[in-house]
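Subject: Handover of a structure for your study

Dear colleague,

Please find the structure below, handed over for your own reading. I would be grateful if you kept it open beside the notes that come after it.

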Amino acid sequence: MPVVLPPNVSEKNFQKALDAFAGVVGRQWVLATDEDRYTYMDIYAPGDADEHIPSAAVGPQSAEEVQAIVRIANEYKIPLWPISRGKNLGYGAAAPEMPGTVVLDLGRMKRIIEVNERFGYCLIEPGVGFFDLFAHLQERKIPLWMSVPANAWGSVVGNALERGYGYTPYGENTRNICGLEVVLPSGEIVRTGTGAMSNSACWQLFKYGYGPSWDQAFVQSNYGVVTKMGMWLMPEPEATLGLKMQLPNPDDVGWAVDALQPLRLSGVLQQNPSIGNSLRVVATQTPRSQWYQGDGALPDDVLRTILSKYNLGWWGIDLRLYGYDEVNEAHAKIIKAAFAKHTKQEFEVTKWHRGEPIEDSGAGVPATRALQIINWRGGRGGHLGFSPVLPASSEHVLKQFHSTKKRYEEIGVDYYGSFTLFERYTTNVNMMVYDRDDQAMTSRVRNLFKVLVADAAKEGYSEYRTHLSYMDDVALSFDYNNHALRRLNETVKDALDPNGILAPGKQGIWPKAFRGSRA
Amino acid sequence: MRTKPRFRSLAPFMLFALTTSAAIGVGVAHPRHPRPRREDDSAQKFNEGEKLFRARCGYCHLAGGTGTIMLGRRLGKDHALLDQRTDLTAAYVKTITRVGLNSMPPHTRIEVPDTELDLIAAFIARPASAHTPPASPPSTRATHE
């Protein structure tokens with residue numbers, strides 16, 4: 001099949017660049033066969049995977065090799081798309097935004113450089129997966145806990161750089177970043193925070209450094225290639241206490257958010273719970289065809305039958321308190337009292353104490369079973385995530401829930417949503433699960449996505465993260481003062497990356513050289 | 001405006017994946033008088049392959065994993081655990097790893113280099129006689145769920 005080359009690069013120069021890359025990393029780590037290109041595509045995409053096809057991939061093993069690759073890319077004007085482990089599933093996986101971009105695959109950089117038990121942090125490279133770090137901590141009996149996303153196949157660094165989250169008190173993963181090592185688009189290497197001192201004693205302890213703070217400028221960004229990340233880890237608590245409840249009615253999510261938000265804000269509840277509709281549980285257990293084979297979205301009465309068979313409510317809530325037994329008990333009492341104002345139901349209570357199996361603790365334990373949902377429709381399953389951020393109040397949550405569910409039903413896709421509750425906002429992840437072989441369905445899903453972005457923008461909601469195909473759409477919704485933020489982002493981009501070689505189009509930030517590619 | 005890339009279809013790959021038969025049995029006869037040295041070599045190779053299988057494929061393909069659940073649903077419980085299958089050829093394992101199947105995504109040569117994939121495929125496709133007897137308890141596997 002024909003190779004899609006980077007824009008404005010001749011076949012001859014492309015080949016020369018690949019040869020130069022091979023001179024740095026070795027021939028075997030320059031991946032440029034048809035099969036290689038295919039392995040970097042977003043296979044879950046709803047029929048538009050070929051809009052994001054890379055031309056090749058290159059796999060360095062060290063920051064020095066990254067520097068050398070970036071310099072060669074500047075020489076030949078080859079755009080690079082850095083990935084950590086490439087498991088950004090539902091958001092584009094390993095694929096680049098602009099077709100023809102070369103994937104800079106950091107998966108071979110897998111060193112866990114330091115784990116500090118006393119101060120609760122690690123310093124790791126981008127190729128370290130959640131499973132790798134978990135195994136490292138468990139094998140050495142280091143009493144530090146990770147924050148792990150629902151599907152934990154990916155990279156710890158990559159997930160934090162995309163603002164992923166887990167469900168422990170350290171669940172906002174990007175907030176745990178403390179100190180980065182970054183290769184800039186020029187090839188120069190820089191360390192952020194106090195790491196900018198060559199003998200820093202506090203690189204992973206003090207986030208801010210001196211003067212402007214840069215860590216977050218490299219998050220969801222195309223300003224540099226992160227080659228090391230300091231990340232705070234949570235000390236293992238003495239005990240945890242779990243509170244579970246099934247909420248029978250669709251509108252129950254409203255009062256549940258209103259009851260929990262003040263408790264999040266005051267610190268009674270320190271983790272971010274996910275209130276998810278129970279279809280997501282059912283979808284990991286059974287195929288849809290077992291329940292319904294008709295047209296359109298799953299009818300409400302069929303859903304009721306399924307839920308009652310499994311003894312599930314419309315929504316499930318799973319809260320967890322971390323710390324000392326007595327404190328957990330006291331906090332549980334406060335949470336129970338807040339819920340008693342709305343329901344006669346009682347929480348199902350579970351307890352864990354240090355030394356008992358970690359799987360029962362509420363610690364971040366990596367698993368990939370969440371991926372099961374994509375088998376729901378049958379055929380070659382695919383999924384796409386629409387994830388707006390809303391104020392954590394019933395007024396916003398109920399309105400957004402009903403409007404999204406209605407949109408799903410209009411195109412015959414089953415509603416699958418969750419609200420993850422932080423102190424002030426809630427992230428509303430909506431999954432669209434489809435059969436990639438059903439072209440009519442995938443085309444409806446693609447249209448739906450644009451409608452949902454527009455609906456959310458009208459309400460003043462942005463997305464916390466989005467799929468490659470919608471990066472420009474979401475960026476457009478940040479329109480204050482005629483898109484002043486985009487002008488700022490692109491001014492910085494052009495200053496740091498005059499040749500525009502690093503991740504053109506990432507988060508809608510286009511360098512001058514490729515600005516014409518904006519959707 | 002973005003120009004549509006010339007590349008069009010992945011169909012040739014998928015066809016290749018689907019027509020590569022998984023049903024070819026592993027009727028590789030053991031030599032009647034194997035040289036002990038060679039047997040040691042294969043045992044060592046299968047051992048390495050098993051370790052790599054756990055490390056690279058174990059995310060989904062050990063007991064309780066998402067791949068195991070999906071295979072069990074599609075082909076029955078007897079066919080759910082890849083490392084206990086006796087009907088898979090090395091070529092099939094390698095092809096599916098690279099192109100994916102149904103909901104399983106493809107794996108790059110950086111995630112699973114060719115040298116590792118050769119060992120993993122040889123382990124999965126090892127002769128029935130090299131399989132651990134089914135009575136052996138799966139004690140080292142992930143047992144939750």
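Residues are numbered from 1 along each chain as its sequence is written, chains are lettered from A and ligands numbered from 1 in the order in which they are written, and side-chain values use heavy atoms, with hydrogens and water left out.

Confidence

The predictor gives the complex an ipTM of 0.93 and a pTM of 0.91. Within chain B, helix 1 (residues 11–19) has the lowest confidence, with a mean of 35, and helix 5 (residues 114–124) the highest, at 98. Helices here are DSSP runs of H or I with at least four residues, strands are runs of E with at least two, and both are numbered from the N terminus. Residues 3–34 of chain B stay under 50 in pLDDT, and residues 135–145 of chain B are also below 50. Where pLDDT is low, the predicted coordinates should not be read in detail.

The interface

In this model, 33 residues of chain B are in contact (heavy atoms within 4.5 Å) with 54 residues of chain A. The two chains bury about 4,000 Å² between them, 59% of it on carbon and sulfur atoms; buried area is the accessible area (1.4 Å probe) that two parts lose on being put together, summed over both. There are three salt bridges between chain B and chain A, a salt bridge being a side-chain nitrogen of Lys or Arg within 4 Å of a carboxyl oxygen of Asp or Glu. Arg85(A) and Glu111(B) meet in a salt bridge through their side chains, at 3.6 Å from N to O.

Salt bridges

Over all chains, the count comes to 36 salt bridges. In one of them, the closest N and O atoms of Lys399(A) and Glu459(A) are 3.1 Å apart. Lys399(A) lies in helix 10 (residues 394–411) of chain A and Glu459(A) in helix 11 (residues 439–459) of chain A, so this pair ties together parts that are 60 residues apart in sequence. Arg407(A) and Glu410(A) also form a salt bridge, at 3.4 Å between the closest N and O atoms; being three residues apart in helix 10 of chain A, they are separated by about one helical turn. In chain B, Arg85(B) pairs with Asp87(B) in a salt bridge at 2.7 Å between the closest N and O atoms. Both Arg85(B) and Asp87(B) are buried, where buried means under 20% relative accessible area, exposed over 50% and partly exposed in between (1.4 Å probe, protein chains only). A network of salt bridges links Asp36(A), Arg98(B), Arg109(B) and Asp114(B).

A buried residue

Glu181(A) lies in strand 8 (residues 177–183) of chain A and is buried, with a relative accessible area of 4%. Residues that Glu181(A) touches, not counting those up to four places away in sequence, include Ala63(A), Trp203(A) and Thr227(A).

Yours sincerely

Conventions
This is a predicted model: local features need pLDDT of at least 70, side-chain atom pairs count only at pLDDT 80 or more; totals for chains, interfaces and linings use all residues. pLDDT is the predictor's confidence in each residue, from 0 to 100.
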